[in-house]
Amino acid sequence: MNKLMLKAGVFAMSVISASVAAKVSPEEAARLGQDLTPIGAEKAANADGSIPAWDGGYSDHSVEVVRGNDPFADEKPLFTITNDNLAEYKDNLTPGQVAMFEKYPDYKMHVYPTHRTATYPDELWPKIKSNAENAEMVAGGNGLENFDTTIPFPIPQNGLEVVWNHITRYRGGAVTRNIAQFPVLANGDYVTVELKETLAFPEYLETGRQEADDNILFYFMQEVEAPSRLTGTVLLVHETINQVKEGRRAWIYNAGQRRVRRAPNVAYDGPGTASDGLRTSDNLDMYNGAPDKYNWELKGKKEIYIPYNNFKIMNPELNYEDIIQAGHMNQDLIRYEKHRVWVVEGSLKEGERHIYSKRTMYIDEDSWTASIIDHYDGRGELWRVGEALNTQFYNQDVPWMAAEALYDLNSGRYISLGLGNEEDPYMEWDIEVSRDEFTTNALRRKGFR
């Protein structure tokens, strides 16, 4: 096993001790694939059966493209939550979700039967089980030892472990996606930002993980292809594993200046690319980067209505104008289901600075995706609500998102990222990519004006 060091928060001594002892016994790890799924979720149904037992997830490799192929297209909602019946369902909603109803009189949530479609490739199961027995936090929670590929803590003991499972979760290994980002004004106006993103974990490079990847979690490149004023801007990120030892490496090619510059602000609450100030750098992928600015408290599990199996909104027959509306995305196109989630509360540490004083994450047990995140401002008041439109890319065994959105409750603006209805190609899986394609020289070659 390779030894990887991950930056984490500094905890009180009692929590640090729990972190160091986080690896579980072989007997406990044997639960994976038995009463727990191979990734650590409860396999059984909930008490009333509204969340069914996990039966292996949904996989169909005979389908070339998931977009436009909805296996649940004929299903009808069980019910629709509106402001009129909101009180009946508050127990299964987050404060941020409730606030969306209070902000927008027309807001609704169509709730469908729950399908636990999330699954990973079979070859990852033994690695995750090995992580359960061997991976542990070291150096007071600032590192991991004996961690392999994905999900270091399938049987988590504290909040930080749950957060790291989200950060390290499987997203296809090496993939390119052509997507759109929409910074939306309160009146519904927007300018479409077209992005090409390439994500590669070292294990999935042509040569596999080598010495050059010693402190690399993944490589990421983001190219802006529209609007014309931003075309040619390219961001390159080497996400480091031990960010205490070495912080995130980021560079940006500025098309106007025609030069590559280091980009130290591409982290924490630095502004997100072409986001019009509507998201921070660590809002991408719902949450990313070093979690060291927060103390993370595990609140337990809860049953929540979260976006799930959102194949409908991916339909290529839809135009972006069908989806992007004033205030929020078109709720008639979004599917919600009841799922069990881990609830983790991150409170800003004393002496640290960030525009969010608190983040409460609701992380899907079946995929480890942060599915809802409620963000609080410096006064401790609810400010922004993040939502991941979970979707199983069942032809690749990849749980990911059809899109993500971040709603600003104060301004009435929001940002949506990840839709690919009008893009061709949309997702390209199992790409052959080399380490050389994630260098500053490659960045210069890609930049143009």
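The protein chain has an average pLDDT of 91, and 92% of the residues score at least 70; pLDDT is the predictor's confidence in each residue, from 0 to 100. Residues 1-20 have a pLDDT below 50, and beyond near neighbours in sequence this stretch has 65 contacts in the model (heavy atoms within 4.5 Å). This is a predicted model, in which local features need pLDDT of at least 70 and side-chain atom pairs count only at pLDDT 80 or more, while totals for chains, interfaces and linings use all residues. Residues are numbered from 1 along each chain as its sequence is written, and side-chain values use heavy atoms, with hydrogens and water left out.

**Pockets**

- A pocket here is an open set of points on a 1 Å grid over the protein atoms alone, where a 1.4 Å probe fits, with protein on both sides within 12 Å along at least five of seven lines; lining residues have an atom within 4 Å of a point.
- The largest pocket has a volume of about 850 Å³, taken as the space filled by probe spheres set on the points, which are joined across faces, edges and corners.
- Its lining comprises 44 residues, with Gln222, Leu235, Gly272, Thr273 and Arg279 nearest the centre.
- Two or more lining residues come from each of β5 (174-184), β6 (193-200), β7 (216-226), β8 (234-240) and β16 (398-408); strands are DSSP runs of E with at least two residues, and helices are runs of H or I with at least four, numbered from the N terminus.
- By class, the lining of the largest pocket has 23 nonpolar, nine polar and 12 charged residues (nonpolar: Ala, Val, Leu, Ile, Met, Phe, Trp, Tyr, Cys and Pro; charged: Asp, Glu, Lys and Arg; polar: the others, Gly among them).
- The second largest pocket holds about 210 Å³.
- It is lined by 17 residues, and Asp70, Phe72, Ala73, Tyr112 and Lys312 are the closest to its centre.
- Seven nonpolar, four polar and six charged residues make up the lining of the second largest pocket.

**Aromatic pairs**

- The whole structure contains 22 aromatic pairs (rings of Phe, Tyr and Trp, the last by its six-membered ring, with centres within 6.5 Å; planes under 30 degrees apart are stacked, over 60 edge-to-face, the rest tilted).
- Tyr58 and Phe72 form a tilted pair, with ring centres 6.3 Å apart and planes at 50°.
- Both lie in the loop between α2 (26-29) and β1 (79-81), so the pair ties together parts 14 residues apart in sequence.
- Tyr58 is partly exposed at 29% relative accessibility, whereas Phe72 is buried at 12% (buried is under 20% relative accessible area, exposed over 50%, partly exposed in between, with a 1.4 Å probe and protein chains only).
- Phe393 and Trp429 are also tilted, at 5.4 Å centre to centre and 55° between the planes, and both are buried.
- Phe393 is in strand β15 (residues 382-393) and Trp429 in strand β18 (residues 427-429), so this pair ties together parts 36 residues apart in sequence.
- Tyr58, Phe72, Phe311 and Tyr394 are linked into a cluster by ring pairs.
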